[in-house]
Amino acid sequence: MADTDAQKQENRIFPPPPDFARNATISGMDAYKAMCAEADRDYEGFWAKLAKDNLAWHKPFSKTLNESNAPFYKWFEDGQLNVSYNCLDRNLENGNADKTAIIFEADDGKVTRVTYRELHERVCKLANALKSIGIKKGDRVVIYMPMSVEGIAAMQACARIGATHSVVFGGFSAKSLQERIIDAGAVAVITADEQARGGKHLPLKAIVDEAIGMGGCDAVRNVIIYRRTGGNINLVRGRDVWLHELVDKQPASCDPEWVEAEHPLFILYTSGSTGKPKGVQHSSAGYLLWALLTMKWTFDIKPQDIFWCTADIGWVTGHTYITYGPLAAGATQIVFEGVPTYPNAGRFWDMIQKHKATIFYTAPTAIRSLIKAADADAQVHPNQYDLSSLRLLGSVGEPINPEAWMWYYRNVGRERCPVVDTFWQTETGGHMITPLPGATPLVPGSCTLPLPGIMAAVVDETGQALPNGQGGILVVKRPWPSMIRTIWGDPERFKKSYFPEELGGKTYLAGDGAVRDEKTGYFTITGRIDDVLNVSGHRMGTMEIESALVANALVAEAAVVGKPDETTGEAICAFVVLKRARPSGDEARQIAKELRDWVAKEIGPIAKPKEIRFGDNLPKTRSGKIMRRLLRVLAKGEEITQDVSTLENPAILEQLKQS
Ligand code: WT7
């Protein structure tokens with residue numbers, strides 16, 4: 001994809017549809033600019049007003065921002081609230097009790113609806129159940145569950161009693177799960193017997209058993225199991241309990257535990273440049289505030305909307321735009337258990353038609369794979385479905401190439417619906433740079449402008465501002481309420497990763513490159529500047545995959561790089577040196593398969609390298625440093641034009657090119 005060129009030349013502009021703009025929460029660029037000016041004029045006052053107007057406080061805060069221990073910023077510090085109260089009870093109080101909170105569609109198509117009243121009761125019962133087994137404020141609970149009402153309820157129940165949840169995506173292996181359970185010091189794991197996806201049943205409880213069996217999870221007292229499929233599981237006496245058995249006997253109400261604004265709502269592990277995943281710690285009040293505000297601003301959420309975010313609760317998108325944002329906004333949302341290609345690649349379009357979704361939020365990878373599917377089979381083309389209910393489309397997780405943007409805009413939105421390309425990260429808690437659908441003229445391939453109150457900028461390595469048109473690194477110059485608070489258990493790494501000394505120690509380093517358009521000032525994200533890959537919107541550390549590979553008895557050395565991929569955005573390409581002679585032919589294919597399965601076991605299927613090349617060695621400088629930049633060129637299948645005179649072993653390039 002010649003996207004960078006395409007982006008540079010991109011001059012199509014799509015202003016907001018007048019009807020949309022007229023009714024939008026933020027209507028027109030003047031309104032947007034006025035909000036930005038307000039934040040500029042009185043930064044703390046801007047946030048204080050929003051926090052007072054949008055959240056229900058048990059104890060109001062008197063101080064907005066505490067910067068005395070930067071970069072460990074504190075927001076609304078002396079205030080107290082409860083996140084679950086804000087998401088559920090508040091809806092019972094303001095007339096939404098009988099409104100549908102969740103339209104759940106199972107993998108097999110079965111639909112269940114849950115009202116706010118019912119969800120409140122389920123969460124209360126589950127919260128009481130957690131309390132009954134001794135879980136209390138400040139404890140960590142790992143959630144390893146399928147997409148389900150129960151998964152959302154489990155997160156909300158933790159929030160209700162002040163326990164800090166750490167959701168682990170169902171696609172992670174036992175080993176990854178074990179590492180996260182240990183790092184978080186979890187006292188309980190909530191899981192399901194099995195997960196149903198794409199017509200297949202995948203064991204979850206068995207993986208939890210395996211993870212705990214690996215040792216080190218001594219803090220785990222209980223494993224709570226939601227019965228999803230009825231598949232066979234092994235119950236460990238004294239440790240394992242069925243969720244329904246625990247919940248059934250509980251009272252239907254549970255007083256929320258009032259927590260300090262900064263109380264850690266959750267830890268979510270994500271990949272960084274070194275081998276070990278980082279436990280991104282989020283706050284309660286600041287996080288919830290932004291989850292709610294971005295629902296209003298970016299998604300223009302209205303009472304009658306049917307909102308659908310297709311993410312999994314195992315990722316931050318599922319936290320902010322399934323479990324917290326939509327409920328805090330009192331919205332009706334669709335929650336989907338399955339995959340976009342089962343029973344066929346028309347599943348998303350069919351569900352939008354059936355449930356009359358009005359706002360649809362998905363990832364570029366999904367769009368690209370559905371474009372392919374629609375090209376191959378006209379029956380699953382979105383034009384076969386009635387998508388007239390839609391009024392707004394969103395994209396998240398990776399850059400959306402202008403071709404995919406245009407297809408989405410034309411074929412799904414029928415040129416009526418704005419497309420919001422939302423740039424953000426696990427660490428930012430919610431949207432950062434995104435169009436506002438009723439204000440911002442859209443340019444395919446650009447996430448356009450920062451939200452009001454978000455002081456994003458493009459700078460050089462020393463922190464100097466760069467003029468528009470010049471590519472540099474993306475930073476945020478001031479703290480914002482939903483930002484990461486620390487890396488769980490590793491405050492030093494938090495400082496080093498996100499507030500490096502070179503930038504003065506108070507500027508947030510996003511880890512992405514960016515460039516602003518000379519005329520409009522619009523941002524385009526140019527990709528990660530660290531060793532992090534984005535495969536199908538899943539964030540993977542190259543070092544993590546390398547560590548997994550070298551842990552295999554056959555492997556002496558490994559280097560992992562990303563290469564552009566038409567569907568998944570980036571694909572994982574591994575260069576491997578074995579302890580034995582370099583294999584070829586069938587043997588090479590056999591070992592590559594073995595290593596791929598190994599990585600799936602070590603990290604999870606999402607980390608499987610697409611391509612593995614074997615060499616006698618890797619290209620290294622005389623001081624022994626692996627030249628990854630050359631490997632990236634080789635992975636792309638391009639000729640090396642760079643200077644290779646500093647290489648110890650230039651001949652190796654020829655070998656790695658051919659293998
Ligand atoms: C990384 C964050 C956003 C929540 C889900 C992923 C990339 C994300 C965009 C976008 C270009 C994007 C960045 C970022 N990214 N959204 N709209 N345009 N790039 O969260 O797993 O923490 O990954 O995803 O590289 O740093 P994440």
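**A loop and its neighbours**

Tutor: Helices are DSSP runs of H or I with at least four residues and strands are runs of E with at least two, numbered from the N terminus. Before going on, note that this is a predicted model, where local features need pLDDT of at least 70 and side-chain atom pairs 80 or more, while totals for chains, interfaces and linings use all residues. Residues are numbered from 1 along each chain, and side-chain values use heavy atoms, without hydrogens or water.

With 48% relative accessibility, Glu-415 counts as partly exposed (buried is under 20% relative accessible area, exposed over 50% and partly exposed in between, with a 1.4 Å probe and protein chains only). For a contrast elsewhere in the chain, look at Asp-300, which also has a positive phi, near 50°, without being a glycine. Asp-300 is placed in the loop between helix 11 (285-297) and strand 16, and it is buried, with a relative accessibility of 2%.

The whole structure holds 39 aromatic pairs (rings of Phe, Tyr and Trp, using its six-membered ring, with centres within 6.5 Å; planes under 30 degrees apart are stacked, over 60 edge-to-face, the rest tilted). One of them joins Phe-14 and Tyr-409, a tilted pair with 4.6 Å from centre to centre and 50° between the planes. Because Phe-14 sits in the loop between helix 1 (3-9) and helix 2 (18-23), while Tyr-409 belongs to helix 15 (residues 402-412), the pair ties together parts that are 395 residues apart in sequence. Phe-14 is buried at 16% relative accessible area, and Tyr-409 is buried at 9%.

A second pair takes us back to strand 16. Trp-308 and Phe-336 have ring centres 6.0 Å apart and planes at 80°, so this pair is edge-to-face. Trp-308 is in strand 16 (residues 306-309) and Phe-336 is in strand 17 (residues 332-336), so parts that are 28 residues apart in sequence are tied together. Trp-308 has a relative accessible area of 0% and is buried, and Phe-336 is buried too, at 7%.

Follow the chain from strand 17 towards helix 13 (347-355), and the loop between them holds Pro-343. The peptide bond joining Tyr-342 and Pro-343 is cis, with omega about -5°. Another cis peptide bond joins Ala-70 and Pro-71, with omega about 5°, and Pro-71 is found in the loop between strand 1 (65-66) and strand 2 (74-75).

Thr-426 has a side-chain N or O atom 2.6 Å from an oxygen atom of the ligand, and Gln-425 has one 2.9 Å from a ligand oxygen. A nitrogen atom of the ligand lies 3.5 Å from a polar backbone atom of Glu-398.

Conventions:
A polar contact is a pair of N or O atoms within 3.5 Å; within protein, one must be able to donate a hydrogen and the other to accept it, and residues adjacent in sequence count only if both atoms are side-chain atoms.
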